[in-house]
Amino acid sequence: MEHDRDESQLWGEYDFGLFRFRGSAGETWEKNSATSDLTLTRTAAASFHLAKPDWSAAFSSSYSWIGHGEESSHKTFAFANGFALVYRPATRLTIEPNVNFRQEWDPTARLKTDTSTGLALTATPVPGLQVIARVSYASDLSEDPLKNVSTVNTAAGFKWKFGKSFFGEPSLSTQLEYKNEYRPTGSDSQQSNLTGTIQFNAGF
């Protein structure tokens with residue numbers, strides 16, 4: 001299904017020395033080609049960024065107004081906050097935790113709350129070999145219990161670069177991912193999925 005989209009944004013950024021602040025405001029018009037319905041989204045956002053030699057942090061907050069047509073009585077309001085940290089306790093180790101919180105309200109579905117938290121680890125035990133592991137948890141709660149769901153996702157893998165050669169820089173990467181989704185209502189309340197991938201890049 002195709003959608004026509006028009007977007008405009010105004011933003012500003014200033015470095016206070018201790019942290020960097022960025023503010024933005026914008027709107028997006030989107031038209032459904034099949035039904036000709038118009039959706040207008042207006043968003044105001046602010047973010048703070050701090051950067052130090054061994055770590056960096058970012059906090060963001062946004063407020064959105066979503067409606068069908070500029071004078072529509074059916075409106076959705078959303079408020080979101082996010083925090084992300086990058087910590088490097090050693091030269092070859094990076095730790096990245098993050099937390100996100102979003103609340104959305106509309107006349108039909110009423111209040112919906114989405115929260116998520118995650119942790120990623122990246123290590124380089126030897127030159128050319130990168131090991132990556134991550135885990136996350138997400139929870140979607142609403143006044144309709146049929147829409148409540150919680151998800152746990154974990155993944156681990158590595159990327160191994162063999163070094164430069166006449167043909168380029170070949171590499172081998174692999175990942176194993178596990179996902180578990182739980183719904184408190186319904187006959188099939190829990191679903192699990194395990195996937196694995198192996199990829200070889202010839203480096204051409």
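How accessible is E27: buried, partly exposed or exposed? E27 counts as partly exposed, at 27% relative accessibility. That value falls between the 20% limit for buried and the 50% limit for exposed. The model is predicted. This report starts from the overall fold and then works through the side-chain pairs.

**Overall layout**

The protein chain has 0 helices and 11 strands. Read from the N terminus, its elements run β-β-β-β-β-β-β-β-β-β-β. The radius of gyration is 22 Å, well over the 17 Å that the globule rule gives for 204 residues, so the chain is more spread out than a compact globule. Along the principal axes, the C-alpha atoms fill a box of roughly 60 × 55 × 35 Å.

Of the 204 residues in the protein chain, 18% are buried. Among contacts in the chain with a separation of 6 or more, 40% are between residues 24 or more positions apart.

**Salt bridges**

How many salt bridges are there? The count comes to 8.

| Salt bridge | N to O distance | Relative accessibility of the Arg |
|---|---|---|
| R5 and E30 | 3.8 Å | R5: 54% |
| R42 and E27 | 3.1 Å | R42: 32% |
| R134 and E177 | 3.8 Å | R134: 35% |

Take R5 and E30. Their side chains meet in a salt bridge. R5 lies in strand β1 (residues 3-15) and E30 in strand β2 (residues 20-32), so the pair ties together parts that are 25 residues apart in sequence. R5 is exposed, because its relative accessible area of 54% is over the 50% cut-off. E30 counts as partly exposed, at 27%. A network of salt bridges links R5, E7 and E30.

Next comes R42 with E27. The closest N and O atoms of this salt bridge are 3.1 Å apart. R42 is in strand β3 (residues 38-51) and E27 in strand β2, 15 residues away, and the pair links distant parts of the chain. R42 is partly exposed, with a relative accessible area of 32%.

R42 also meets an aromatic ring. The charged end of R42 sits over the ring of W65, 5.4 Å from the ring centre. A further charge over a ring involves R22, which lies over the face of W11 at 4.2 Å from the ring centre.

R134 forms a salt bridge with E177. R134 counts as partly exposed, at 35% relative accessibility. E177 is partly exposed too, with a relative accessible area of 21%.

**Aromatic pairs**

The count of aromatic pairs comes to 7. The rings of Y14 and F16 have their centres 4.8 Å apart and their planes at 75 degrees, so the pair is edge-to-face. The angle decides this, because planes over 60 degrees apart count as edge-to-face. Y14 counts as exposed, at 52% relative accessibility.

W160 and F162 form a tilted pair. Their ring centres are 4.9 Å apart, with 55 degrees between the planes. W160 counts as partly exposed at 40% relative accessibility. F162 is also partly exposed, at 40%.

Which residues do ring pairs link into a cluster? The cluster consists of Y14, F16, F19, F21 and F48.

T113 sits in strand β7 (residues 110-126). Is T113 buried or exposed? T113 is buried, because its relative accessible area is 16% and the limit is under 20%.

The side chains of T113 and Q103 are joined by a polar contact of 3.4 Å. Leaving aside neighbours within four places in sequence, T113 is in contact with F101, R102, Q103, S139, D140 and L141.

How values were computed:
Residues numbered from 1 in each chain as written. Predicted model: local features only at pLDDT ≥ 70, side-chain atom pairs only at ≥ 80, totals over all residues. Heavy atoms only, no water. Helix = DSSP H or I, 4+ residues; strand = E, 2+ residues; numbered from the N terminus. Buried < 20%, exposed > 50% of the residue type's maximum accessible area, 1.4 Å probe, protein only. Polar contact = N/O pair within 3.5 Å; in protein donor to acceptor, adjacent residues only side chain to side chain. Contact = heavy atoms within 4.5 Å. Phe/Tyr/Trp six-rings, centres within 6.5 Å; stacked < 30°, edge-to-face > 60°. Lys NZ or Arg CZ within 6 Å of the ring centre and 35° of its normal. Salt bridge = Lys/Arg side-chain N within 4 Å of Asp/Glu carboxyl O. Rg over C-alpha atoms; globule rule 2.2 N^0.38 Å.
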